[in-house]
Amino acid sequence: MPRPDTPIQPGERVAVTGANGFIGSHLVAQLLDAGFAVRAIVRDPDNATKTAHLRAMDPGDGRLDFGRGDLLAPGSFDAAVQDCAAVVHTAAAVVFSADDPQRDIVDPSVLGTRNLLGACARAPTVRRVVHTSSMVAAYGWSTPESQTRSEADWNTSSTLANDPYGVAKVEAEKAALAAVAALPDDQRFRLVHLNPGMVWGPPLIKAHAKASPKLVRDMISRAQPGVPKLMLSVVDVRDVAPAHLRALTHADPPPRCLIFAENAWMTDLMARIQSMWPALRMAPRPIPKPLVLVAAALDKTLSARQLWHLVGRRMQMDNTLSRTAYGMDYRPLDETLRATAAPMIEQGWARVHPR
């Protein structure tokens, strides 16, 4: 008998992989606030350093518990997704450069997604899976700058040599689609992809300042001599989390949806942050393309080949579907910028330089 294809309701249990991550932590909080039961899946639930902020969210009524899962260990998610109505998959390797990009970047995303979906197929209660992908799965530098990209587009520019992170996101999405299509009816669930842009907003713990908000932290700390001219599609993590809730509760969610507030140049965004803290000396100045490549060569978290194609290139994305299908009303960028930078400055998570 086919599994029911019905929206997830408050009171039902939702599993969240990567629950201690930047997006995952905000999602756990919002799910609990909305009345859902949550199973927070992490690699080591007994690691107090990585789970204390999640345990502090516990409403004390039995709606929060923890599960164990490892992206590269087949079967490791089986116990964690049992008795769950839905699963949100936010866990991934957020790494842009590695000595072995297939092993360290692509495999965790692709094999991890397959392992999780296999567990969901073996859990008869799961009827919806929301996969947190990325906007990089939809954009590429092989198309004209004048072209606005949407959910219909796929990134065909990235390769293992020039952008393994982009490859990982594309292949994980396509692997998920193929895996669900191959399931028999009694194991098939609805699969929804959400593709956020550059996710900023308030880091809840120091580790979150090293996730996507790292670009802001580096600018505040003057870790680089300046800022590359990159076009970003920015979204607040406090908007990304409710987008996931809407994907869970929507009667007929679109299969894929770009989630972001605005397209903007990174140089302009960082200058706005500097203007909010005039007493601090940051590094918001634009830097020329050759210096960006030098910085990438010295920082293994950056991909020089990817930056070569993206610096100075206008990348326009379309968020219309998120507004019409999910009713998204995004926060203003200045609110997001302030909320991203303030905890880093106030908590000492970024090194500040008074004028």
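**Sheet and helices of the predicted model**

In strand 6, Val-192 lies opposite Val-130. The model in which this pair occurs is predicted. The two strands concerned, strand 5 (residues 128-132) and strand 6 (residues 190-196), are paired in the parallel sense, with 5 bridges between them.

This pairing belongs to an open sheet of 7 strands, arranged in the order 3-2-1-4-5-6-9 with parallel pairing. The edges of the sheet are formed by strand 3 (64-68) and strand 9 (256-259); each has a single partner strand, so one side of each is left without a neighbour in the sheet. From one strand to the next, the twist averages 20 degrees.

Helices also pack on the sheet. Helix 2 (residues 48-55) touches strand 2 (37-42) and strand 3, and its direction makes about 150 degrees with that of strand 3. Helix 5 (residues 164-181) lies across strand 5, strand 6 and strand 9. Relative to strand 6, helix 5 runs at about 170 degrees.

Helix 4 comprises 21 residues (101-121) and reaches 29 Å from its first C-alpha to its last, which is close to the 30 Å expected at 1.5 Å a residue. Its course includes a kink of about 55 degrees at Asp-107, shortly before the proline Pro-108.

Technical notes: Residues are numbered from 1 along each chain as its sequence is written. This is a predicted model: local features need pLDDT of at least 70, side-chain atom pairs count only at pLDDT 80 or more; totals for chains, interfaces and linings use all residues. Side-chain values use heavy atoms; hydrogens and water are left out. Helices (H or I, at least four residues) and strands (E, at least two) are DSSP runs, numbered from the N terminus. The expected span of a helix is 1.5 Å times one less than its number of residues. The bend at a residue is the angle between axes fitted to the seven residues ending there and the seven starting there. Two strands pair if DSSP finds at least two bridges between them. Axes are lines fitted to C-alpha atoms, for helices over the stretch in contact, and angles run from 0 to 180 degrees between N-to-C directions. Contact means heavy atoms within 4.5 Å.
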